[in-house]
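Subject: Structure handover

Hello,

Here is the structure I promised to pass on. My notes on it follow below.

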Amino acid sequence: MKIWSILIVFLHLGIALQAKDYHVEDYGAVADGSTRDTPAVQAAIDACTAAGGGRVVIPGGKTVVIGTIYLKDHVTLYLENGSILKGSPDIADYATDTHKNMYKNEPHMDRCLIFAKNAYSFAIEGHGTIDGNGHTRFFNGKTGRPMMMRFINCRNIHLKDVNLINPAAWTSAWLYCDDIVVEGIRIYSRSNHNGDGLDFDGCTDVRVSNSSFDTSDDSICLQASRPDKPCKNVVVTNCTFTSKWAGLRIGLLSRGNFESVTVSNCTFRDIQDSGLKIQMNEGGEMKNMVFSNLVMKNVPRPVFMTFAQQRACVDAPKEMYPMKAMHSFIFDKIIADNRELDKNSAFFITGMPEHPIENISISNVLFTVSGGGTKEEADQQDLPEYTLDVLDGWWPEFRLVGTLPAYGLYLRHVDGVKIDNFEVITVDTDQRPPVVLEDVENAFLGTVLANYSLIKPKKIVKR
């Protein structure tokens with residue numbers, strides 16, 4: 001009798017556990033790779049949240065095609081191994097009530113495939129694939145290019161193990177969300193333009209780990225489009241980055257503050273623009289960040305920092321905000337191998353006259369470059385500043401300044417910097433100096449090596 005009672009308990013337990021899974025096929029999904037299964041998937045989500053939570057299951061070995069769906073409280077969208085949740089190729093299947101892209105001049109990216117607003121405790125997990133199907137034959141600037149995911153004012157979010165491929169625009173936009181865990185994902189976003197990976201806008205308590213990125217734009221972005229929504233308490237670790245633009249970008253959308261960011265144990269390779277691209281320009285304050293144990297190959301600017309003025313947010317007033325502050329950064333234990341690139345390869349950090357970037361530490365760097373700089377480039381003066389007339393309505397990009405007068409490290413408008421154990425090696429002869437400090441105050445120069453020779457502090461070029 002006792003054994004029978006135990007069996008009954010386990011039977012009921014099994015039924016209860018089974019009831020927590022909501023299979024989309026049970027709600028009418030055809031899962032044949034062509035039928036629009038949006039109503040079925042949404043019905044499973046709605047039933048799951050109404051019952052208090054559980055898993056909405058996308059079946060392994062099948063392809064479920066959808067337009068916009070809405071994630072809700074306590075729902076885990078679970079993609080079984082071998083499953084594909086695929087975006088419709090028709091822009092008409094994407095809803096128009098999914099908020100908007102926060103960058104100016106880009107309303108064609110307002111729509112999205114997966115949306116959540118004011119939702120608590122939801123997840124996307126499993127070893128399946130979300131395919132945005134965002135190819136240029138379906139989506140362009142005229143038709144609109146939906147993002148894959150957008151979450152706004154949500155808390156306690158998990159994104160784990162899934163493959164995210166082929167978004168028509170950004171892979172994800174997280175707006176004003178708290179308590180985010182991203183782990184073990186793979187993003188491949190090369191099917192269209194502006195294919196950012198993870199964009200965290202005004203988010204707090206963000207942890208990204210053990211993930212890989214191959215993107216047609218910035219792989220991870222930290223942003224702050226609202227003055228009252230800071231981006232803070234962010235950890236990125238154990239990730240690999242390949243990108244057409246930047247590996248990690250912090251700023252541009254920068255009306256709010258940024259603070260308490262760490263990036264560690266990551267590799268960057270074959271990146272067109274910059275490894276770490278850190279830019280403050282919309283009136284917020286940026287501070288207290290550590291970047292350590294990083295390996296880069298074919299990354300033209302391992303570190304590119306700017307402090308300027310520019311309007312980036314769609315909601316920003318036309319008048320420019322006053323420049324506030326950008327300070328307290330540590331860069332430590334970085335290997336960057338750019339021997340296969342051209343001479344436009346350097347650490348480049350620049351504030352503005354009367355508005356320096358403050359308190360920077362650069363240490364334990366091994367940097368290999370191709371060389372090839374000329375005496376004329378070494379002697380050039382008055383490089384363009386990132387003033388409004390130079391920016392001409394767009395971003396502070398490297399191309400606006402051009403070839404630098406140093407082949408290793410060029411700092412301009414900086415107050416308080418420590419440089420120690422910085423070693424740069426040139427493959428071919430370069431007639432520029434390894435380090436140039438222009439309008440730099442309170443500089444401590446420790447060990448600086450160029451081609452295995454010690455450069456004494458008095459030999460560092462200062463302007």
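How many cavities of 30 Å³ or more does a search of the whole structure find? The search finds 3. A cavity is a set of points on a 1 Å grid over the protein atoms alone where a 1.4 Å probe fits but cannot get out. Points are joined across faces, edges and corners, and a volume is the space filled by probe spheres set on them.

Before the rest, some ground rules. This is a predicted model, in which local features need pLDDT of at least 70, side-chain atom pairs count only at pLDDT 80 or more, and totals for chains, interfaces and linings use all residues. Residues are numbered from 1 along each chain as its sequence is written, and side-chain values use heavy atoms, with hydrogens and water left out.

**Largest cavity**
The largest cavity holds about 60 Å³ of space. Its lining has 13 residues (an atom within 4 Å of a point). N101, M102, W170, A173 and L175 are the closest to its centre. Strand β14 (172–175) gives the most to this lining, with 3 residues. Strands are DSSP E runs of at least two residues, helices are H or I runs of at least four, and both are numbered from the N terminus.

**Largest pocket**
A pocket is an open set of points with protein on both sides within 12 Å along at least five of seven lines. The largest has a volume of about 290 Å³. It is lined by 15 residues, and N194, D217, R249, W394 and W395 lie nearest its centre.

**Nonpolar cores**
A nonpolar core joins buried Ala, Val, Leu, Ile, Met, Phe, Trp, Tyr and Cys residues through side-chain atoms within 4.5 Å. Buried means under 20% relative accessible area (1.4 Å probe, protein chains only). The largest core has 123 residues. F151, L198, F200, F291 and F331 have the most contacts inside it. Strand β31 (residues 409–426) gives the most to this core, with 8 residues. A second, separate core of 18 residues includes F115, M147, I152 and L253.

F151 also has contacts (heavy atoms within 4.5 Å) beyond four places in sequence. Among them are L71, F115, A173 and L175.

**Helix α2**
Helix α2 (residues 38–50) has 13 residues. Its buried residues are T38, A40, V41, Q42, A44, I45 and C48. What covers them includes β1 (21–23), β2 (32–36) and β3 (54–58). G52 follows α2 and has a positive phi, near 105°.

Best wishes

Terms used
Buried means under 20% relative accessible area, exposed over 50%, partly exposed in between (1.4 Å probe, protein chains only). The expected span of a helix is 1.5 Å times one less than its number of residues.
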